[in-house]
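Please look over the model shown here.

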Amino acid sequence: DDKNQWNVEGHSSRIINVKTNELKLFAKLYDAEGTLSNHARLPALHANELISVLKKFTAHPMKLRNLKGKYFSTKMFDESGAQREGIILRKTEFPESLDHWILSGPHYYVGNPMYKSPKQLCTKNSDYGVIDLNIIPDDYIPRSNYFPIMSKIDFDHVTPKVCWLEQNQTKPKLSTEYYRFINREMIGSTAERTFVPSILPKDVRHICTTVSTCFQ
């Protein structure tokens, strides 16, 4: 406010009147096709203006389901399971190449796949330092907390493959042979940015706290 204090007074836009039209909107956006409005799931909305945002989502003609068979999403390596199975090893070092870089959630932020790098001693999510993009060399790769402990052939074998064949191909490519859209698995509903997306370079793997999607 004018006194530089947090304004904690109520605001009229925080009151959301949910009637039949809003329920129809929620059912169309969040539930299976044909769900009745009075069976709609209720989203967590904190401002009346968000209703108009949801209307724009539902009005858009292209949905992800329209691209069935033309995109592939994966959480790739389970953080604990992949260690038990002898795929990756917990070790904080700089990787030699992108195909040895295993991405974790704190590595990236909105539009920036190289937002932070683990510190030499990294035991929790806060043990990361912000990368200065103005001074890093062109071949810079951040530290990783995990490294593959398999041969390249075996590591490729356990890397998820896409669900389509490219022209003149007899078997699907590795998902890592594509540039991918990535986002964190968890949505921080109270964070400055709830959805944290970026573009991931080819060859990079990641653990299950990240979802990567590539398109045909």
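Which residues lie nearest the centre of the largest pocket? They are Tyr 30, Phe 57, Ile 187, Thr 194 and Phe 195, among 22 lining residues. The model is predicted: local features need pLDDT of at least 70, side-chain atom pairs count only at pLDDT 80 or more, and totals for chains, interfaces and linings use all residues. Residues are numbered from 1 along each chain as its sequence is written, and side-chain values use heavy atoms, without hydrogens and water.

**Pockets**

A pocket is an open set of points on a 1 Å grid over the protein atoms alone, where a 1.4 Å probe fits, with protein on both sides within 12 Å along at least five of seven lines; lining residues have an atom within 4 Å of a point. Volume is the space filled by probe spheres set on the points, with grid points joined across faces, edges and corners.

| Pocket | Volume | Lining |
|---|---|---|
| Largest | about 800 Å³ | 14 nonpolar, 7 polar and 1 charged residues |

Nonpolar covers Ala, Val, Leu, Ile, Met, Phe, Trp, Tyr, Cys and Pro; charged covers Asp, Glu, Lys and Arg; the others, Gly among them, are polar.

The second largest pocket has 28 lining residues, and Gly 105, Pro 106, Asn 125, Arg 184 and Thr 209 lie nearest its centre.

In the largest pocket, α2 gives the largest share of the lining, 4 residues. Helices (H or I, at least four residues) and strands (E, at least two) are DSSP runs numbered from the N terminus.

**Helices and strands**

Helix α1 (residues 20-30) has Glu 22, Leu 25, Phe 26 and Ala 27 buried. Buried means under 20% relative accessible area, exposed over 50%, partly exposed in between (1.4 Å probe, protein chains only). These buried residues pack against α2 (50-59), with contact set at heavy atoms within 4.5 Å.

Strand β10 (residues 210-215) is largely enclosed by the rest of the structure, because 5 of its 6 residues are buried. Strand β1 (residues 71-74) pairs with β10 in the antiparallel sense over 4 bridges; pairing takes at least two DSSP bridges. Here Thr 74 faces Ser 212. Strand β7 (residues 180-184) also pairs with β10, antiparallel, over 4 bridges. Asn 183 stands opposite Val 211 there.

**Cysteines**

The whole structure holds 0 disulfides, a disulfide being two cysteine sulfur atoms within 2.5 Å. For Cys 163, the nearest cysteine sulfur is that of Cys 214, 8.0 Å away. Cys 163 is partly exposed, at 48% relative accessible area. Cys 208 is buried at 16%. Its sulfur is 16 Å from the closest cysteine sulfur, in Cys 122, too far for a bond.
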